[in-house]
Amino acid sequence: ILCISVASIIRGFSGFGFSALTVSSLSFVFPPIEIIPLVFLLEIAASICLLPMVWKEIDWKILRWLILGNLIGTPFGIFLLININQEIIRFIISALVLLSCILLIKSFKFNSNLGRSWTLGVGSFSGAVNGSTGVGGLPIAVFFLSSSGKASLTRASLVAYLFFSDIYASIISGTQHIITL
């Protein structure tokens, strides 16, 4: 309860971070394959509450390429979640959270203008990461925060991306019987 409560406060403030905090903390107690589908559903619930407040700020031009990439990467990520040893998934979760924190603390910035193919690639990577570890919002957060966009646009686009990506990941998880009635 404490893990999810703290992660929820962070998510409400920043627009992201819920999955990273929840999955990384609870995976010490439970296998990731049991936590990640639950996190998808909780992210959807959080996004439903936040989406109406940020709808007008969403950068649909970038978001459409990220979501298209997510559609490509998520099935591969779910495949990895099912077929890779859960200890390896735990390690990958920790490594991704640590790497993302380092990049955000160091104020990592991209040197050039990012085109559609780069954005599509980031979306695909995020989809694979989301499906396999549940922390697919971190690459997107680094992506948005590494460009020179407004904070409100970044937050709104993150909320929308997480909503769409977690609905899709939940559907794929259901087809693979990770999420059941």
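Reader: How are helix 7 and helix 8 oriented to each other, roughly parallel or roughly antiparallel?

Author: In this predicted model, helix 7 (residues 137–145) and helix 8 (residues 151–175) pack at an angle of about 155°. Angles over 145 degrees count as roughly antiparallel, and the two helices are therefore roughly antiparallel to each other.

Reader: And how far apart are their axes?

Author: The axes of helix 7 and helix 8 lie 10 Å apart. The crossing of helix 7 with helix 8 is right-handed.

Reader: Which residues make the contact?

Author: Helix 7 contributes Gly137, Ile140, Ala141, Phe144 and Leu145. From helix 8 come Thr154, Ser157, Leu158, Tyr161 and Leu162.

Reader: What kinds of residues are those, nonpolar, polar or charged?

Author: Seven of the residues in this contact are nonpolar and three are polar, with no charged residue.

Reader: Changing topic: how many salt bridges are there?

Author: The count comes to two salt bridges. One of them joins the side chains of Lys150 and Glu57, at 3.9 Å from N to O.

Reader: Where do Lys150 and Glu57 sit in the chain?

Author: Lys150 belongs to the loop between helix 7 and helix 8, while Glu57 belongs to the loop between helix 3 (32–54) and helix 4. The pair links distant parts of the chain, 93 residues apart.

Note on methods
Residues are numbered from 1 along each chain as its sequence is written. This is a predicted model: local features need pLDDT of at least 70, side-chain atom pairs count only at pLDDT 80 or more; totals for chains, interfaces and linings use all residues. Side-chain values use heavy atoms; hydrogens and water are left out. Axes are lines fitted to C-alpha atoms, for helices over the stretch in contact, and angles run from 0 to 180 degrees between N-to-C directions. Helices (H or I, at least four residues) and strands (E, at least two) are DSSP runs, numbered from the N terminus. Angles under 35 degrees count as roughly parallel, over 145 as roughly antiparallel, 65 to 115 as roughly perpendicular and the rest as oblique. A crossing is left-handed if the near helix is turned anticlockwise from the far one by less than a right angle, and right-handed if clockwise. Contact means heavy atoms within 4.5 Å. Ala, Val, Leu, Ile, Met, Phe, Trp, Tyr, Cys and Pro count as nonpolar, Asp, Glu, Lys and Arg as charged, and the others, Gly among them, as polar. A salt bridge is a side-chain nitrogen of Lys or Arg within 4 Å of a carboxyl oxygen of Asp or Glu.
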